[in-house]
Amino acid sequence: YHTGILRTRNNIKAAPMIKAAADAGFDEAQLVLASIYINGLGFPQNYNNAVRYLKMAVSQGSVDAMMQLAQILSIGDKYNRDIEQAHTLYNLAAVRGSQLASQKRQELESRMKINDILQAQVAAENYVEKQSELTKYIRQTYGANVRGFFN
């Protein structure tokens, strides 16, 4: 229902199913559900819920979730601005290979105090990725790129 590939696209039917997978701990579903909340597709627009699910996906190591959450936190128009946490997330995404994250991190540094940068770096160094059992199982069964099942 979310993609409209096998069934007619229907966000109202898709959203609860994606939420069930997200609540069960699947990181890709958490990322997709955050997007649903951001755009108000299937559920009312809700940035608090979007950020909550992005944080869940970030805790499992999702680079896309790191980038989206950092963007939300660095802008601060729909959710509370937190440049230090945004820097930490861009730093984590950069370490995982995102060129855009490196650029965004440098842009933020120009607006930060040195102590804030150092605290963000410590937070990034202390980050520990912890994939849920469901995410591990799906990755082992279907491979690393399962986004095609959701998008």
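## Charges on the chain

Welcome to this structure, which is a predicted model. The chain carries 17 positive and 13 negative side chains. The centres of these two sets lie 8 Å apart.

## Overall fold

Let us turn to the fold. Taken along the principal axes, its C-alpha atoms fill a box of roughly 50 × 35 × 25 Å.

Of the 151 residues in the chain, 42% are buried. The chain exposes about 8500 Å², and carbon and sulfur atoms supply 50% of that area. Among contacts between residues at least 6 apart in sequence, 55% join residues at least 24 apart.

## A look at helix 4

Helix 4 covers residues 63-75, which makes 13 residues. From its first C-alpha to its last, helix 4 reaches 18 Å, close to the 18 Å expected at 1.5 Å a residue. Just after helix 4 comes Gly76, with a positive phi of about 75°.

Which residues of helix 4 are buried? They are Ala65, Met66, Met67, Leu69, Ala70, Ile72, Leu73 and Ser74. The buried residues of helix 4 pack against helix 2 (27-39), helix 3 (47-59), helix 5 (83-95) and helix 6 (99-109).

Technical notes: Residues are numbered from 1 along each chain as its sequence is written. This is a predicted model: local features need pLDDT of at least 70, side-chain atom pairs count only at pLDDT 80 or more; totals for chains, interfaces and linings use all residues. Side-chain values use heavy atoms; hydrogens and water are left out. Buried means under 20% relative accessible area, exposed over 50%, partly exposed in between (1.4 Å probe, protein chains only). Contact means heavy atoms within 4.5 Å. Accessible areas come from the Shrake-Rupley method with a 1.4 Å probe; for residues, only the protein chains shown count as cover. Lys and Arg count as positive and Asp and Glu as negative; His and the chain ends are not counted. The place of a charge is taken as NZ of Lys, CZ of Arg, CG of Asp or CD of Glu. Helices (H or I, at least four residues) and strands (E, at least two) are DSSP runs, numbered from the N terminus. The expected span of a helix is 1.5 Å times one less than its number of residues.
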